[in-house]
Amino acid sequence: MTRGPVPSPVVWSTPLRTRFRGLDTRDGVLLRGDAGWGELSPFWDYDDAESAPWLRCAREAADVGWPAPVRSAVPVNVTVPAVGPEQARAIVLASGGCRTAKVKVAQRSLPGGASLHAVDGSRPGELEPVAAEVERVAAVREAFAELYGPGVGRIRVDANGGWTVAEAVAHLREIDAAAGGLEYAEQPCATVEELAALRRLVDVPVAADESIRRASDPLRVVALDAADVVVLKVQPLGGVRACLDLAEQVGLPVVVSSALESSVGLAAGVALAAALPELPYACGLATSQLFAHDVVADPLLPVDGALPVLPAGDPRLEPDAAALAGAAPSDAVRARWHDRAARLGALLDAAPAVPSADREGAR
Ligand SMILES: O=C(O)CCC(=O)C1=CC=C[C@@H](O)[C@@H]1C(=O)O
Ligand SMILES: [Mg+2]
């Protein structure tokens, strides 16, 4: 087994335990700087322009480090992919004490078994029947009752923009009843206008995810009064400090969620959650549970429903040679990430720099 320091950059790739976001594997690259390790792992369907903020986040972690935390642990939710009720129950029972679950709904299946993640407002394929969503949510509720007694666990759903307004009204009515009251519905519809319209038709609170992280103007969610909660993901939004700025401008409760990173990338999300003045909800940062392999020896997994806040540079966040051997990419994947990181680096270096002193002052 190889021991000793891991040379930067390092590419990783792992199968997912369950298909998620239409993905069976996840991969990325880790970069080492003076402050620690950072992760660059934009999804492959993101072009270079949309992927550039992901590199800004990696460079912040590697070169600058993170702002001081105001808490030492971050409560997290278990993430339940679009699976059958037995598997949903098993995922909650094995979640490391999470008392909040986020359940994927509004799946659309395409011919041949492919399932498309609706991010562009298009809604191809056939919508999953509400009965399947109700069964999944009911199984999660039963698992919580089994673990903690009745009425303790909280359930939220994430539709990734997969419903029309009318579908959202109909599906949420039944899912809300099965959940015993949903905490919120994340991105039930694709557009900000639809979220605003839906919010006036249902009692379930609405959370905006894609309408923040993939929007040219995330503040439209506020201008149109389209959400009760915003989901912030550090990589797509350009890092911890960029997210703190955005949270302040948005002025709504924030849920920090992962972009399906390794533990090195998850630590940046934990750093944001740790630095936010208020953290009223559990965060979606328990997603190492979805990975067959992680890149560190002791992955960021919940204990008693929370993740510890580790500073950048903490030895627990160092990539580990033995773990990386399990998460080894093919030569083709390694080459693809080296190319992509170089292209994104050139893109960022060509962009006008924001002096870090100004950034600090703006916070
Ligand atoms: O929020 C969570 O519980 C986990 C993260 C999560 O759900 C997601 C991570 C990455 C991509 C997205 O499809 C998905 C989301 O939509 O929130
Ligand atoms: Mg989401």
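Trainee: Is Lys104 buried or exposed?
Mentor: Lys104 counts as buried because it has 24 C-beta neighbours inside 10 Å. For that term, C-beta atoms are placed from the backbone, and 20 or more others within 10 Å make a residue buried, 12 or fewer exposed, and anything in between partly exposed. Please note that this is a predicted model: local features need pLDDT of at least 70, side-chain atom pairs count only at pLDDT 80 or more, and totals for chains, interfaces and linings use all residues. Residues are numbered from 1 along each chain as its sequence is written, while chains are lettered from A and ligands numbered from 1 in the order in which they are written.

Trainee: Where does Lys104 lie, and what does it touch?
Mentor: Lys104 is part of strand β6. Residues up to four places away in sequence aside, it touches Val80, Pro81, Ala82 and Asp158. A contact is a pair of C-beta atoms, placed from the backbone, within 7 Å. Strands and helices are DSSP runs numbered from the N terminus, with at least two residues (E) for a strand and at least four (H or I) for a helix.

Trainee: Which residues does UniProt list for "active site"?
Mentor: The unreviewed UniProt entry lists Lys104 and Lys233. UniProt positions follow the numbering used here, with feature names shortened, and annotations may be inferred rather than shown by experiment.

Trainee: And where is Lys233?
Mentor: Lys233 lies in the loop between β12 (229-232) and α8 (240-250). It is buried, because 25 other C-beta atoms lie within 10 Å. Beyond its neighbours within four places in sequence, Lys233 is in contact with Arg213, Ser257, Ser258 and Ala259.

Trainee: Which residues are listed for "binding site"?
Mentor: The unreviewed UniProt entry gives Asp158, Glu186 and Asp209. They span 52 residues in sequence, yet no two of their C-alpha atoms are more than 9.1 Å apart, so they gather at one spot.

Trainee: What surrounds Glu186 and Asp209?
Mentor: Glu186, in strand β10, counts as buried because it has 27 C-beta neighbours inside 10 Å. Leaving out residues up to four places away in sequence, it touches several residues, including Asp158, Asp209 and Val231. Asp209 sits in the loop between β11 (206-208) and α6 (210-213). It too is buried, because 24 other C-beta atoms lie within 10 Å. Its contacts, again leaving aside neighbours within four places in sequence, are Glu186, Gln187 and Val231.

Trainee: What is the strand order of the open sheet?
Mentor: The 7 strands follow the order β5-β6-β9-β10-β11-β12-β13, with parallel pairing. Strands pair if DSSP finds at least two bridges between them. Between β9 (residues 154-158) and β10 (residues 185-186) there are 2 bridges, and the bridge partner of Asp158 in β10 is Glu186.

Trainee: Changing topic, which residues come nearest to ligand 1?
Mentor: Of the 14 residues around ligand 1, these are Arg21, Thr79, Lys102, Ser257 and Gly284. Here a residue is near if its C-beta atom, placed from the backbone, lies within 6 Å of the ligand.

Trainee: Where is that Arg21?
Mentor: Arg21 lies in the turn of the hairpin formed by β1 and β2, which has 2 residues between the strands, and its phi is positive at about 55 degrees. The two strands, β1 (residues 10-20) and β2 (residues 23-32), pair in the antiparallel sense over 7 bridges.

Conventions: Two residues are in contact if their C-beta atoms, placed from the backbone, lie within 7 Å.
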